[in-house]
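Keep the model open as you read.

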Amino acid sequence: MSDLKLNGVTPAGIGKIKLGSTDVQKVYSGSTLVWPPGISPPGQVEICNLIWTDTNSSETELIAGGNIPILTNQAAWYSAWQAQTPAACYIDFDLNNSSYGLIYNYWARTAVKPPTGFRLPTSNDFNTITNSPCFTGSNFNRYGANPGNWDPSQLTDTTELGDSGFNSQGYGYGQLNSVSGVVTFPWFQTREGYWNDNLSPLFPGTGFYIQGSTLGALGFGGSTTWMFFIRFVKDA
């Protein structure tokens with residue numbers, strides 16, 4: 001039997017469904033337990049018949065063998081961009097930010113090896129979780145972590161925040177100036193960007209951001225200067 005879903009989303013855990021003010025502990029269909037979900041391994045969450053990794057990738061192994069270098073300065077990043085070779089780094093090139101996951105360049109996104117059974121998302125995969133009929137809400141709070149690192153002075157409406165278990169944290173992303181070679185990491189606490197593949201419709205970057213007082217969905221063009229996180233996905 002399938003897991004319980006509310007508007008296409010399986011609630012992440014205890015405390016996400018309430019009867020009045022009381023947390024619902026279990027939901028049964030007849031004598032069969034249908035919630036909370038118990039079949040998804042830790043680190044994964046099912047949303048709209050897709051299973052996503054619920055943290056940003058720190059993978060460095062390449063599909064073709066070997067490992068992506070983790071670069072530590074913007075000069076090395078600029079050189080990798082000029083050579084069109086895969087590269088990764090931490091936010092602000094700072095190892096202390098390793099818990100955020102790795103930021104990958106344009107060429108790394110299709111070269112890094114996904115976990116077994118997973119793939120790099122297409123733009124349609126993201127469209128599946130942000131468009132009707134699967135998604136029927138008025139904002140995208142459910143995909144943000146609760147509390148995450150979102151700016152509380154801007155994300156003031158926390159209704160449904162974190163309900164899906166996707167756990168977008170608000171760690172921002174990176175961008176290279178292709179003329180000067182300067183790398184910046186804008187939008188920390190207000191956005192988080194992820195790589196897609198190049199399958200139609202071409203939309204290589206996706207993410208979530210603070211739009212007004214809630215979270216909205218982002219789409220990025222195809223510039224090779226973007227630097228994004230990766231979440232992997234597979235069919236449920």
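Which residue does a disulfide join to Cys48? The partner is Cys134, with an S to S distance of 1.7 Å. Before going further, please note that this is a predicted model, in which local features need pLDDT of at least 70 and side-chain atom pairs count only at pLDDT 80 or more, while totals for chains, interfaces and linings use all residues. Residues are numbered from 1 along each chain as its sequence is written, and side-chain values use heavy atoms, with hydrogens and water left out.

A disulfide is a covalent bond between the sulfur atoms of two cysteines; here the test is a pair of cysteine sulfur atoms within 2.5 Å. A search of the whole structure finds one. Its torsion about the S-S bond of Cys48 and Cys134 is about -75°, so this disulfide is left-handed. The pair links distant parts of the chain, 86 residues apart: Cys48 sits in the loop between β5 and β6, and Cys134 in the loop between α2 and β9 (174–176). These elements are DSSP runs numbered from the N terminus, with helices (H or I) of at least four residues and strands (E) of at least two.

Now look at the loop between β5 and β6, where you will find Cys48 and also Asn49. Cys48 has a positive phi of about 55° although it is not a glycine, and Asn49 also has a positive phi, near 65°. Are these residues buried (under 20% relative accessible area), exposed (over 50%) or partly exposed (in between), using a 1.4 Å probe and protein chains only? Cys48 counts as buried because its relative accessibility is 8%, whereas Asn49, at 52%, counts as exposed.

Next, turn to the packing. In soluble globular proteins, nonpolar side chains tend to be buried together. A nonpolar core here is a set of buried Ala, Val, Leu, Ile, Met, Phe, Trp, Tyr and Cys residues joined through side-chain atoms within 4.5 Å. The largest one has 36 residues, and Ile47, Trp52, Trp77, Ile129, Tyr143 and Phe166 touch the most other members. Elements giving two or more residues to this core include β5 (44–47), β6 (50–53) and α1 (74–83); the largest share, three residues, comes from α1. A second, separate core of 23 residues includes Tyr90, Tyr106, Trp107 and Phe220.

Finally, find the loop between α2 and β9, which holds Pro147. The peptide bond from Asn146 to Pro147 is cis, with omega near 5°.
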